[in-house]
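Dear colleague,

I am handing over the structure below, and after it I set out what was found.

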Amino acid sequence: IFFLGLSALTISCTDQGTSPADRHFNIRFKYGVTARNELNTFENKFTKDLILDGTVTIPFVLSDNDLAAIEGKLTEIDFFTYPDTFIVQTTDTVGYISHHSTFIFKVKSESIIKTLVWADAIVAPLGDERPSKLREAIAFIRSIIESKPEYQRLPAARVRNLRCQWNM
């Protein structure tokens, strides 16, 4: 009986024991220029875009604390009120990024499932704080991903070495 009690206590203290199907919060977050990087807590995996070398997918489990932090950040920015396709409307002249990042979210919180797609191509939109709040949440999620040893062991992405030549 003591051993069973100790085992139950040990199991209840771990924060990675909850299966994805039993969690009240899960996220599928794709990001990057081609949105080929993907955190998928529904399936406990991560895919990294290696650019010239394709992609690599590994088992990747976030702790309950990490998931709660992500959920808190998304709640803080009112993520669930964003439109499914987020387009920054602006009448002001702003910069446009040609090789911009695309973000695709699928977030399950309790019984709500929210999808959001955003091509972040506008530099410094004026008058709308939602893009900067979403960028803040994206940076937060990426910092959690990139802090994990499993991510840090992945190979670096290889890109084509471009040479620029200026003629005067």
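On one side of helix 2, Asn 65 and Glu 76 are exposed (over 50% relative accessible area with a 1.4 Å probe and protein chains only, where buried means under 20% and partly exposed lies in between). This is a predicted model, in which local features need pLDDT of at least 70 and side-chain atom pairs pLDDT 80 or more, while totals for chains, interfaces and linings use all residues. Residues are numbered from 1 along each chain as its sequence is written, and side-chain values use heavy atoms, without hydrogens or water.

Helices (H or I, at least four residues) and strands (E, at least two) are DSSP runs, numbered from the N terminus. In helix 2, the buried residues are Asp 66, Leu 67, Ile 70, Glu 71, Lys 73 and Leu 74. They lie on the same side of helix 2 because they cover an arc of only 160° around the axis, the arc being taken from the directions from the helix axis to the C-beta atoms. Just after helix 2, Asp 78 has a positive phi of about 60°.

Strand 3 is mostly covered, with four of its five residues buried. Strand 2 (residues 37-40) runs antiparallel to strand 3 and is joined to it by three bridges, where pairing requires that DSSP finds at least two bridges between two strands. Strand 3 also pairs with strand 4 (residues 55-59), in the antiparallel sense and over five bridges. In the hairpin of strand 3 and strand 4, which has five residues between the strands, Ile 51 takes a positive phi near 60°.

Best regards
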